[in-house]
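Welcome to this short tour of the structure. Have the sequence and the 3D view open side by side as you read.

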Amino acid sequence: MNIEIKGLRFTYPTGLEALKGINLTIQSGEQVAIVGQNGAGKTTLVRHFNGLLKPTSGSIFIGDWETTQFSVAKLASRVGYVFQNPDDQLFSRDVLSEITFGPRNLGYAKEKVDELVQRALTLTELSDKTETNPYDLSPTWRKMIALASIIAMDTPIVIFDEPTTGQDAVNVARIANVIAELKREGKTVITITHDIDFCAENFERVIALSNGQVLLDGPAREVLGQEEILAQTYVDPPQLTRLGKRLGLKETVTRQEEFLQALK
Amino acid sequence: MNPNRSFFVPVDSPLHRLNPLTKLTFVFAMILPAFLSVPELAPILAIPVFLAAFIGRVQKPYLNLLLKLILPTITFMFVMQSVFLPGGETILFMLGPFDVTQEAMRSAFFTVTRIFVMVSSFALLLLTTHPSELMSDLTQRGLPGQFAYVIISTLQILPQMQAKAQTIIAAQRSRGLDTESTFLKRAGSLVPLVSPLVFGSLAEVEERAIAIEARGFTSKKTKTSLHEISDTSFDKGLRWILVILILASVALRIWLS
Amino acid sequence: MAFINLTNLTYKYPLTETPVLQNINLQINEGEFVAVVGPNGAGKSTLCYTLAGFVPHFFKGELTGSVEVAGASLLESTLDEWVLNVGLAFQNPFNQISGAKYSVFEEIAFGLENIGIPREEIKVRVEEAMVRTGIRELADRSPYSLSGGQQQRVALTSILVMKPKLLVLDEPTSQMDPIGTREVFGVIRKMAEEGMTVVLVEHKVEWIANFADRVVALKGGEILLEGKPNEVLTSELLSENGFGISRYTSAAREAQKRGLWKKKQLPVTLDEAVEGFKS
């Protein structure tokens with residue numbers, strides 16, 4: 001299911017013009033990272049994908065649905081959105097019912113709901129915590145519950161807003177696993193992130209936003225190598241990319257294996 | 001609400017230049033007589049309150065507030081009181097099955113003018129006084145800092161809670177929660193909305209307490225203030241006149257009863 | 001006598017069984033910049049709250065051992081005295097905004113008003129602090145109208161302006177972009193060079209190596225390792241225990257196995273990596 005964005009502009013009621021003409025196509029099954037400085041318009045952009053915001057002008061199509069024609073609750077069957085702060089969405093007394101909430105809202109049959117919930121629990125390593133109250137778990141685990149509650153909705157498109165903020169290495173690895181699994185299932189994953197190394201290691205396409213416009217868009221390796229342009233939106237290239245540049249490697253490298261291969 | 005999240009309108013006017021306590025005294029000099037004294041006083045007090053908005057050069061936001069908030073409220077109260085207040089004898093007309101009496105309408109009129117005086121004078125105080133200055137002035141006059149903080153932070157944090165509620169609604173709608181349909185469905189969707197708000201607020205209150213404590217909030221030293229607040233002899237004189245007005249109206253009430 | 005002395009520090013939150021900090025022994029000198037790393041749940045935030053006095057004075061619970069900062073003992077001091085020496089900024093910037101102020105300038109002045117600094121001095125110090133952290137242009141904005149990263153700068157400035165002897169920072173840059181992070185680290189480094197002692201909890205390993213004097217690695221409430229950034233952050237113990245490590249370190253460790261990294265010492269920072277791979 002493709003996402004088609006044409007001439008998207010968005011102005012907040014306060015008069016702030018957050019998006020100034022965005023044109024993008026995101027193909028079914030792509031893994032896209034959106035980077036850029038604070039206030040570049042990243043969250044504003046992805047909130048258009050599930051209809052939380054409606055364009056001031058221009059259009060967004062999710063498959064054959066134009067977002068203005070559908071409610072957020074309806075669009076939720078195509079676009080899952082994991083908010084940055086899990087505490088903004090957790091309300092149930094136990095992990096299981098929290099994760100069941102989304103798929104049940106979408107009206108799947110009971111067997112399908114159970115199956116989806118089990119799969120989400122396994123993927124997020126929460127299977128042994130189904131009866132725990134989310135508020136008795138650490139913020140790290142609450143993040144995983146939030147992830148699971150969206151994954152269980154089995155939407156073709158999944159959005160993560162800053163999934164790694166405040167997470168330790170172990171949990172970042174867990175989140176990377178989840179993203180890899182979604183990729184295997186052919187889902188589109190769109191992630192907003194400041195963590196550029198995480199971005200380099202888990203995404204094929206990178207879109208850099210600056211000041212409400214697309215600054216760079218392309219394969220991760222191409223985009224992340226453009227040090228000067230990225231600096232305009234306060235983004236540094238990944239650690240290994242910078243190292244490769246300093247060592248004078250001919251090609252831009254972003255991941256460890258690439259780097260080691262290029263070194264030989 | 002403006003980006004500064006207060007009602008304050010930053011212009012220069014005789015009202016803006018008054019000491020915050022003087023304006024607070026004015027508020028009470030309008031409210032206390034309106035409620036304690038003879039009912040006929042309230043409509044008379046409404047006139048200076050209304051005019052003060054022009055002296056304070058805040059007539060536009062004031063009239064805006066009047067039209068959007070005050071008038072609808074008092075119109076509603078007026079109709080309800082006129083219809084339901086029992087004991088009237090002079091029936092003016094029928095509204096459906098209800099008698100509307102002259103006595104009920106008269107009483108309703110006085111009630112709503114009292115409300116008008118109260119809400120309007122408070123609105124004027126907020127429109128012409130920077131909230132930080134009001135707080136600084138009151139704490140310097142001996143109001144406990146904690147008390148002043150609770151008042152002012154509540155005013156600030158309410159719009160924040162509203163913003164947080166918006167985020168929670170957005171997050172749950174993204175999970176397929178239908179908040180746009182029938183009332184019954186909406187009632188059922190309250191738990192997913194209210195529960196994160198309550199838990200979130202509890203956590204926030206604790207963290208905020210730590211943050212302000214870390215910045216010396218309960219320090220035993222005498223607090224100072226960034227804002228210099230003038231208190232002229234004109235202010236002092238005006239406050240005495242207002243206090244006398246309050247006392248006189250109360251005396252009038254006692255004398256008449 | 002060190003500036004900070006933690007001796008056999010053990011602490012349990014009320015109504016809990018397991019200590020969050022266990023038998024911590026740590027000395028920190030005046031003007032030292034110490035970074036604390038560790039997985040979630042290692043006790044990093046609790047350590048911050050302890051240095052800042054909120055453990056046990058605010059959270060209660062059971063503290064044994066001793067905590068001394070600038071010659072004062074925590075258990076014998078009251079919280080309002082303690083905070084005059086120790087400034088604390090933590091992760092969530094939104095909850096650190098006082099709620100009592102309508103502009104960034106006023107917000108930063110809040111702490112100085114509380115401790116009775118004269119008006120003219122407040123103005124000078126707020127101005128100075130804002131210039132220092134690069135938020136001068138936000139002075140008249142409402143603190144609530146700012147982005148998370150900007151709010152974090154305001155939170156940090158609000159503490160710096162009070163000139164505490166000890167600055168305790170719990171992930172103060174979590175919502176900042178990389179270049180903002182680098183700037184803020186530079187500011188903190190400078191404060192340390194001017195004599196302020198800094199204890200900083202941070203996940204961003206590369207920055208720690210670039211700026212901190214010493215690293216303490218916490219795990220399960222205990223000190224696992226402690227020492228120079230380069231030694232601690234390249235230790236194999238860290239990767240084995242779920243700590244975040246720099247990509248330079250992991251790439252060099254792999255390169256070492258393939259004979260592409262000749263030195264014994266592994267790198268943490270870009271410069272170290274460049275130097276090592278070139279040789």
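## Two helices of chain C

Let's start with a helix pair: α4 (residues 104–114) and α6 (residues 148–160) of chain C pack at an angle of about 35°, their axes 7 Å apart. Axes here are lines fitted to C-alpha atoms, for helices over the stretch in contact, and angles run from 0 to 180 degrees between N-to-C directions. Helices (H or I, at least four residues) and strands (E, at least two) are DSSP runs numbered from the N terminus. The crossing of α4(C) past α6(C) is right-handed, a term used if the near helix is turned clockwise from the far one by less than a right angle, with anticlockwise being left-handed.

On the α4(C) side, C:V104, C:E107, C:I108, C:F110 and C:G111 meet C:V154, C:T157 and C:S158 of α6(C); contact requires C-beta atoms, placed from the backbone, to lie within 7 Å. The residues of this helix contact divide into four nonpolar, three polar and one charged. Nonpolar covers Ala, Val, Leu, Ile, Met, Phe, Trp, Tyr, Cys and Pro, charged covers Asp, Glu, Lys and Arg, and the others, Gly among them, are polar.

## How the model is read

This is a predicted model, in which local features need pLDDT of at least 70 and side-chain atom pairs count only at pLDDT 80 or more, while totals for chains, interfaces and linings use all residues. Residues are numbered from 1 along each chain as its sequence is written, with chains lettered from A and ligands numbered from 1 in the order in which they are written.

## Where chain A touches chain C

The contact draws 27 residues from chain A and 34 residues from chain C. On the chain A side, α6 (169–184), α7 (196–202), α10 (239–246) and α11 (256–263) each supply at least two residues. Which helix gives the largest share of that side? It is α10(A), with five residues.

## Chain B

Chain B has ten helices and two strands, in the sequence order α-α-α-α-β-β-α-α-α-α-α-α. Its radius of gyration is 23 Å, well over the 18 Å that the globule rule gives for 257 residues, so chain B is more spread out than a compact globule. That radius is taken over C-alpha atoms, and the rule is 2.2 Å times the number of residues to the power 0.38. The C-alpha trace of chain B spans about 60 × 60 × 35 Å along its principal axes.

An automatic or database assignment sets the domain bounds: domain 1 of chain B is 14–130 + 231–256 and domain 2 is 139–214. Their C-alpha centres lie 32 Å apart.

Key: Two residues are in contact if their C-beta atoms, placed from the backbone, lie within 7 Å.
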